[in-house]
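The following exercises concern a predicted model. Each task is followed by a solution in steps.

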Amino acid sequence: MILHVANLGHPVLRQTAASVSDEELKSARFQAFCDDLIESMRFHDGVGLAAPQVFVSSRVVAVWVPSGMDDEKDAGLESAVYVNPEIELFGEAEELGWEGCLSLKDLRGLVPRHQKARLRALDRHGKPMELELEGFVARVFQHELDHLNGVVFVDRMDDMDSLCFSAELERHGEEEDDDEA
Ligand code: ZN
């Protein structure tokens with residue numbers, strides 16, 4: 001089922017999402033939600049979608065990074081759901097990159113992020129997993145996990161001059177990917 005996306009201004013995007021319990025993880029309802037979250041991310045052309053963006057205040061994100069998005073060597077990441085994710089960030093948040101968000105439709109801005117990070121999460125069946133993240137994939141997870149804490153990418157920008165509509169960026173800016181998360 002394709003889920004509607006909450007736009008900035010809806011309170012759910014500013015809430016701290018609740019952890020998913022073991023009991024909830026085992027429910028058929030939760031598994032159906034995981035399917036819907038992935039399906040909705042793909043339908044809306046996102047590289048990520050966090051549960052609060054579909055009006056569910058739970059610590060769940062879907063991520064899908066096609067190969068070659070960061071650079072040609074980059075293998076990408078199959079679409080999957082990450083439950084109760086925690087991120088460990090390395091170095092400084094100083095790598096600037098363009099971001100967009102399905103909840104701030106068509107807006108783009110330059111956001112400083114950590115280049116490297118480590119993710120610990122449960123998969124959709126509750127199995128613990130760990131991922132080393134770098135570059136664009138690390139950026140996507142930082143963006144998605146922010147949604148679980150009521151933070152959106154514009155909050156992370158330190159220079160608002162780059163905030164623009166994607167069509168204008170295409171007209172006047174450098175060539176950039178058109179991805180939202
Ligand atoms: Zn977003």
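**Exercise 1.** Determine whether S103 counts as buried or exposed.

*Solution.* Step 1: the relative accessibility of S103 is 3%. Step 2: the term buried applies under 20% relative accessible area. Step 3: S103 therefore counts as buried, given its value of 3%.

**Exercise 2.** Locate S103 and identify the polar partners of its side chain.

*Solution.* Step 1: S103 belongs to the loop that lies between β3 and β4. Step 2: a polar atom of the S103 side chain is 2.8 Å from the backbone oxygen of A6. Step 3: the side chains of S103 and Q53 are joined by a polar contact of 3.1 Å. Step 4: leaving aside residues up to four places away in sequence, S103 touches V5, A6, N7, L8, L13 and Q53.

**Exercise 3.** Describe the largest nonpolar core and state which element supplies the largest share of it.

*Solution.* Step 1: the largest nonpolar core comprises 21 residues, and V63, V65, Y82 and F141 have the most contacts inside it. Step 2: at least two residues of this core come from each of β2 (60-65), β3 (77-99), β4 (107-122) and α3 (135-147). Step 3: the largest share, six residues, is supplied by α3.

**Exercise 4.** List residues that Y82 touches, and name members of the second core.

*Solution.* Step 1: with residues up to four places away in sequence not counted, the residues touched by Y82 include V61, V63, L119, M129 and F141. Step 2: a second, separate core has 19 residues, among them F30, F33, V81 and V83.

Note on methods. Residues are numbered from 1 along each chain as its sequence is written. This is a predicted model: local features need pLDDT of at least 70, side-chain atom pairs count only at pLDDT 80 or more; totals for chains, interfaces and linings use all residues. Side-chain values use heavy atoms; hydrogens and water are left out. A nonpolar core is a set of buried Ala, Val, Leu, Ile, Met, Phe, Trp, Tyr and Cys residues joined through side-chain atoms within 4.5 Å. Buried means under 20% relative accessible area, exposed over 50%, partly exposed in between (1.4 Å probe, protein chains only). Helices (H or I, at least four residues) and strands (E, at least two) are DSSP runs, numbered from the N terminus. Contact means heavy atoms within 4.5 Å. A polar contact is a pair of N or O atoms within 3.5 Å; within protein, one must be able to donate a hydrogen and the other to accept it, and residues adjacent in sequence count only if both atoms are side-chain atoms.
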